[in-house]
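Have the sequence and the model open as you read.

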Amino acid sequence: DTSEIPSIPSWLRDHLEADGIESLYPPQAEAVDAGVTEGENLVASIPTASGKTLIATLAMAAAVDRGGTALYIVPLRALASEKHEEFAEFEQYGLDVGVTTGNYESDGGWLSGKDIIVATSEKVDSLVRNDAKWLDDLSCVVTDEVHLVDDGERGPTLEVTLAKLRSLNPDLQTVALSATIGNADELAGWLDAELVDSEWRPIELKKGVHYGEALHLEDGSQQRLPVRNSEEQTAAIVRDTLEDDGSTLVFVNSRRNAEASARRLATTTDDALTDEERAELAEIAEEIRGVSDTDTSEDLAEAVEKGAAFHHAGLSRDHRTLVEDAFRDRLVKVVSATPTLAAGVNTPSRRVVVRDWRRYDGTAGGMQPLSVLEVHQMMGRAGRPGRDPYGEAVLLASGHDELDELFERYVWADPEPVRSKLAAEPALRTHILATVASGFARSREGLLDFLDGTLYAAQTADRARLEQVVDDVIAYLEVNDFLERDGDGLAATNLGHTVSRLYLDPMSAAEIIDGLEDGDPTPLGLYHLVCRTPDMYELYLRSGDEEEYTMLAHERESELLGRAPSEFNDEFEDWLSALKTARLLEDWASELDESEITERYGIGPGDIRGKVDTAQWLLGAAESLSSELGLGLGGEIREARLRVEHGVRAELVDLAGVRGVGRKRARRLYDAGIEDRAALREADKSTVLAALRGREKTAENILENAGHRDPSMDGVEPDPDVGSAEV
Ligand code: ADP
């Protein structure tokens with residue numbers, strides 16, 4: 001019973017009661033027994049939806065009650081806002097809760113008074129690099145989804161960041177939450193933590209494989225579930241679930257597949273709707289159309305009208321929220337999703353179908369099977385506590401051999417062990433520079449000692465290999481003038497400090513510097529330059545793109561900075577992909593319609609936002625590098641950055657910077673003769689209203705925003721997640 005939990009504040013007891021939580025789930029009780037409310041380190045490896053968040057809450061509330069500060073680290077921005085909303089409920093009890101994700105160049109001083117802070121691991125890493133003093137005073141750090149230390153791209157950042165936080169404060173309580181993994185004991189060993197390793201779930205989960213006329217479950221039983229003529233397997237399962245008044249979550253391997261699957265399944269859900277549901281869904285569809293005027297928005301609205309939806313990272317945040325809410329309210333009966341939805345967003349469903357168990361993987365080549373851990377996380381979303389007697393999670397087999405294979409591979413299999421990916425060179429390049437620059441190590445030996453505190457060291461006996469990579473990286477950083485040696489000592493140069501604070505991959509910095517030294521940049525040249533760096537996700541080349549962009553490269557050769565690889569070189573394709581990405585940014589900064597851009601490049605509106613955010617950050621970094629090196633290109637870079645930030649041509653930059661204006665309204669105002677902020681300040685309301693063709697309230701707000709700078713916004717960090725991409 002919750003009244004027996006030691007060391008938690010009374011407000012939390014009240015809160016749990018108000019939330020209908022009367023007793024702890026068994027793994028939560030184990031965590032309390034292990035001392036999580038009394039400052040003990042803990043690794044909790046438990047299934048999806050088994051109440052990990054409450055374990056974190058118990059630890060953080062107890063830490064705050066002792067006068068401390070807690071940090072909650074999430075792997076994805078989308079999860080940061082979800083968790084922030086959850087913890088912000090504690091503000092009614094007097095706690096101060098903050099969230100920070102974007103802007104990697106500040107020390108986040110405004111966070112210093114907070115009790116609980118939610119941040120992505122990249123953001124925390126950047127705060128350490130910017131010497132955020134308040135981090136020394138942290139008393140509790142929680143990392144969500146810690147099994148992602150296994151992720152080649154982002155895992156090392158989490159690993160190194162945890163090691164740094166722990167070395168800043170040896171008394172720091174570390175709570176690491178993980179999906180069920182094969183080697184939770186190793187993680188606990190690394191973090192000197194108590195271990196809760198449990199398979200318990202609040203609701204029974206039956207895993208199985210559908211094949212032919214039946215659903216084969218892991219307990220050996222079968223349920224008849226025939227596929228009707230011309231029906232797809234997934235549709236048959238969705239229909240069967242609907243007959244039982246249940247909803248289905250379908251996991252697929254790409255955004256395009258998610259959209260196509262939702263479109264097809266909408267014909268199945270459409271038959272099952274009541275008139276009342278149809279009316280409510282029509283309203284939600286209108287809200288979806290109101291978010292943005294794009295094909296994606298229209299496709300989503302059309303599916304939702306019929307009770308189906310898709311969900312992927314290309315959707316805007318508003319679209320995602322509308323879909324998640326409608327699914328939880330049981331209006332939307334089926335959601336086809338990419339795995340982002342399995343990672344932490346709380347959307348349980350009666351049945352889960354893992355339709356695609358292979359995914360395209362460019363590095364490994366071709367279609368590769370998903371890991372057991374990923375598939376189990378998706379499956380774990382099945383079953384709504386309090387609503388369903390149990391959940392069912394289903395893979396699909398098209399033949400008898402596949403039926404056997406899927407049982408072996410996923411249903412009966414244990415999740416893989418988690419392995420550190422820190423020894424990969426790109427990861428070490430970034431983290432070694434940062435570790436030296438922020439004073440965690442001052443020599444080669446010191447560096448190796450620091451690395452001893454990582455999971456990598458805990459998992460490898462082969463110190464020689466680590467030393468070899470470390471030496472290679474030090475040599476690279478020295479050649480590029482980011483580090484210098486002084487006898488046995490190692491120190492960052494001024495340039496190295498700047499690069500580390502800017503949160504750039506040193507290789508990106510080297511590329512940008514090389515390009516800027518070419519001189520005389522245009523926006524396209526600058527966009528191409530930053531798109532070439534390893535910090536930007538480039539667009540893929542589709543068939544026909546190679547010719548198109550090779551032509552473009554010839555036409556605009558004089559604008560492109562740095563050395564171009566020869567057309568026969570392997571790097572050429574990458575260089576062209578960067579050009580394609582750069583032209584997207586140029587289109588955006590030339591006021592091309594969002595819907596035209598999504599069509600031209602075959603992407604979603606959320607992708608434009610993603611590229612724009614990254615470009616904005618990299619161009620900001622280029623500005624700092626130009627000034628650090630005295631190149632005098634600040635003006636050109638700034639203009640290119642502001643144009644891409646607001647999605648406007650140069651003449652609108654000033655106007656579009658007014659809060660609430662945005663690219664479309666800026667153009668309308670400009671065409672009506674209001675050409676800049678100063679003119680807007682003087683303009684009368686009727687002119688503005690006529691120009692905007694909008695509501696009176698909008699015009700008033702805009703005028704007010706143009707009139708005086710709101711001093712309360714000073715020092716407030718802009719969150720790029722809530723930028724004004726499209727108004
Ligand atoms: P996880 O993070 O492990 O995937 P969550 O923390 O989101 O799971 O918990 C899933 C659901 O279970 C939430 O809706 C939460 O409110 C509920 N829950 C957690 N602990 C308890 C409990 N002890 N009693 C009842 N409900 C609980």
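This is a predicted model: local features need pLDDT of at least 70, side-chain atom pairs count only at pLDDT 80 or more; totals for chains, interfaces and linings use all residues.

## Helix H14

Helix H14 covers residues 400-411, twelve residues in total. From its first C-alpha to its last it reaches 15 Å, close to the 16 Å expected at 1.5 Å a residue.

Which residues of H14 are buried? They are Glu-402, Leu-403, Leu-406, Phe-407, Tyr-410 and Val-411. These residues cover an arc of only 140° around the axis, which puts them on the same side of H14. What covers the buried residues of H14 includes strands E8 (204-211), E9 (214-217), E16 (367-369) and E17 (390-396), along with helix H13 (372-379).

## Helix H18

Helix H18 runs over residues 463-479. Its 17 residues should span 24 Å at 1.5 Å a residue, and the end C-alpha atoms are 25 Å apart, which agrees. The buried residues here are Leu-466, Val-469, Val-470, Val-473, Ile-474 and Leu-477. Seen down the axis of H18, they fall within an arc of 140°, so they line one face of the helix. Turn to the other side of H18 and you will find Ala-464 and Val-479 exposed.

What do the buried residues of H18 pack against? Their partners are helices H15, H16 (444-451), H17 (455-459) and H20 (506-516), together with strands E18 (483-486) and E19 (489-492). After H18 comes Asp-481, with a positive phi near 70°.

## The ligand and its surroundings

Now for the ligand. There are 13 residues around it, and Ser-23, Gln-28, Ala-49, Lys-52 and Thr-53 come nearest. Helix H3 (residues 52-65) gives the most to the shell around the ligand, contributing three residues.

Which atoms of the protein lie by nitrogen atoms of the ligand? For Ser-23, a backbone N or O atom lies 2.9 Å from a ligand nitrogen atom. For Tyr-25, an N or O atom in the side chain is 3.1 Å from a nitrogen atom of the ligand. Gln-28 also takes part through its side chain, where a polar atom lies 2.9 Å from a nitrogen atom of the ligand. Taken alone the ligand exposes 560 Å², and the protein buries 74% of that.

## His-431 in helix H15

Helix H15 (residues 425-437) is where His-431 has its place. Is His-431 buried or exposed? His-431 has a relative accessible area of 4%, and the cut-off for a buried residue is under 20%, so His-431 counts as buried.

Leaving aside residues up to four places away in sequence, His-431 touches Asp-125, Arg-129, Pro-156, Thr-157 and Val-160. For a sense of scale, His-431 and Leu-689 are 258 residues apart in sequence and 52 Å apart in space, C-alpha to C-alpha.

## Glu-305 in helix H11

Glu-305 belongs to helix H11 (residues 295-305). At 28% relative accessibility, Glu-305 counts as partly exposed. Its contacts, not counting residues up to four places away in sequence, are Leu-273, Arg-278, Leu-281, Ala-285 and Arg-289. Glu-305 and Glu-231 are 74 residues apart in sequence, and their C-alpha atoms are 21 Å apart in space.

## Two loop residues with positive phi

Most residues other than glycine have a negative phi. With that in mind, have a look at Ser-230, which has a positive phi of about 60° although it is not a glycine. Ser-230 has its place in the loop between strand E10 (222-224) and helix H8 (233-243). With 83% relative accessibility, Ser-230 counts as exposed.

Arg-330 also has a positive phi, of about 65°, although it is not a glycine. Where does Arg-330 lie? It is in the loop between helix H12 (317-328) and strand E13 (334-337). At 29% relative accessibility, Arg-330 counts as partly exposed.

Terms used: Residues are numbered from 1 along each chain as its sequence is written. Side-chain values use heavy atoms; hydrogens and water are left out. Helices (H or I, at least four residues) and strands (E, at least two) are DSSP runs, numbered from the N terminus. The expected span of a helix is 1.5 Å times one less than its number of residues. Buried means under 20% relative accessible area, exposed over 50%, partly exposed in between (1.4 Å probe, protein chains only). The arc is that of the directions from the helix axis to the C-beta atoms. Contact means heavy atoms within 4.5 Å. A residue is near a molecule or strand if one of its heavy atoms lies within 4 Å of it. A polar contact is a pair of N or O atoms within 3.5 Å; within protein, one must be able to donate a hydrogen and the other to accept it, and residues adjacent in sequence count only if both atoms are side-chain atoms. Accessible areas come from the Shrake-Rupley method with a 1.4 Å probe; for residues, only the protein chains shown count as cover.
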